[in-house]
Amino acid sequence: MNCEQAEAMVKKALSKKRFTHTVNVRDAAVAMARQYGADEQKAALAALLHDAAKELPKEELLQILRENAIIAGDAENSPPPVWHGVAASILAQTRWGVEDKEVLDAIRYHTTGRPGMTKLDKIIFLSDMISAERSYPEVEELRRLARQDLDTAVTVALRYNVEWMEACGKTIDPLSRQALDDLEKRARPAE
């Protein structure tokens with residue numbers, strides 16, 4: 001699947017609002033890929049597919065995870081709001097012909113992050129959080145940081161994400177905490 005095919009597919013599959021978000025994420029991801037020396041085509045493809053399963057019913061997401069248990073791993077035990085990323089990655093691999101592991105991983109971890117995030121993982125995670133239609137209080141700070149330093153921006157974004165989830169009493173996927181711990185550890189000067 002190439003970017004044109006992915007865009008046409010998600011345009012048909014998603015609501016107008018979700019499609020607008022997807023295009024905004026793609027635009028942000030391509031700009032960041034250009035700035036930080038990542039592959040722009042991979043960034044565009046991962047961004048276009050990141051929410052391809054977002055509007056599927058919870059039961060259908062669960063069925064995708066169960067039918068592809070080897071690929072899904074322990075995803076079924078993750079909080080349901082992160083299932084769509086894993087499901088989109090599975091569909092990209094099993095139905096849409098995406099073979100690039102880096103693209104598949106960026107789709108899969110776009111809501112949670114993960115320890116050892118690749119540059120593409122960081123770009124898709126952050127692009128999702130700072131896309132043009134976003135308007136939450138911290139978004140301008142994250143956009144500014146994204147233009148200055150990718151690692152700092154992703155670390156701050158993950159920190160905000162964990163804090164928001166805690167404040168709302170929502171379950172935090174352990175991968176998000178692990179990703180934050182990993183980034184913070186890497187940022188500390190060696191002793």
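Ala-187 is exposed, at a relative accessible area of 61%, where exposed means over 50%, buried under 20% and partly exposed in between (1.4 Å probe, protein chains only). Ala-187 belongs to helix H11; helices are DSSP runs (H or I, at least four residues) numbered from the N terminus.

The model is predicted, so local features need pLDDT of at least 70 and side-chain atom pairs count only at pLDDT 80 or more, while totals for chains, interfaces and linings use all residues. Residues are numbered from 1 along each chain as its sequence is written, and side-chain values use heavy atoms, with hydrogens and water left out.

## Helices H10 and H11

Helix H10 (residues 150-168) and helix H11 (residues 174-187) cross at roughly 145°, and their axes come within 9 Å. Axes are lines fitted to C-alpha atoms, for helices over the stretch in contact, and angles run from 0 to 180 degrees between N-to-C directions. The crossing of H10 and H11 is left-handed; that term applies if the near helix is turned anticlockwise from the far one by less than a right angle, and right-handed applies if clockwise.

H10 contributes Val-154, Thr-155, Leu-158, Arg-159, Val-162 and Glu-166 to the contact, and H11 contributes Ser-176, Arg-177, Ala-179, Leu-180, Leu-183 and Glu-184. Contact means heavy atoms within 4.5 Å. The contact of H10 with H11 has 6 nonpolar, 2 polar and 4 charged residues. In this scheme Ala, Val, Leu, Ile, Met, Phe, Trp, Tyr, Cys and Pro are nonpolar, Asp, Glu, Lys and Arg are charged, and the others, Gly among them, are polar.

## Helix H8 and its partners

H8 packs on H10 at an angle of about 55°, with the axes 10 Å apart. That angle makes H8 oblique to H10, as angles under 35 degrees count as roughly parallel, over 145 as roughly antiparallel, 65 to 115 as roughly perpendicular and the rest as oblique. The crossing of H8 and H10 is left-handed. On the H8 side the contact includes Lys-119, Ile-123 and Leu-126, and on the H10 side it includes Leu-150, Val-154, Leu-158 and Trp-164. The contact of H8 with H10 comprises 10 nonpolar, 1 polar and 3 charged residues.

Helix H2 (residues 16-36) packs against helix H8 (residues 119-130) at about 135°, with 8 Å between the axes. H2 is therefore oblique to H8. H2 passes H8 in a right-handed crossing. Among the residues that meet are His-21, Val-25, Met-32 and Tyr-36 in H2 and Lys-119, Ile-123, Leu-126 and Ile-130 in H8. The contact of H2 with H8 divides into 10 nonpolar, 2 polar and 2 charged residues.

## Nonpolar core

The largest nonpolar core has 65 residues, and Leu-49 and Leu-126 touch the most other members. Such a core is a set of buried Ala, Val, Leu, Ile, Met, Phe, Trp, Tyr and Cys residues joined through side-chain atoms within 4.5 Å. Not counting residues up to four places away in sequence, Leu-49 touches Met-1, Ala-6, Met-9, Val-10, Ala-88, Ala-92, Trp-96, Val-98 and Ile-107.

## Partly exposed positions

Pro-80 lies in the loop between helix H5 (69-72) and helix H6 (83-94) and is partly exposed at 35% relative accessibility. Pro-80 and Asp-173 are 93 residues apart in sequence, with their C-alpha atoms 9.6 Å apart.

Ala-69, in helix H5, is partly exposed at a relative accessible area of 44%. The C-alpha atoms of Ala-69 and Pro-81 are 18 Å apart, at a sequence separation of 12 residues.

Methods:
Helix = DSSP H or I, 4+ residues; strand = E, 2+ residues; numbered from the N terminus.
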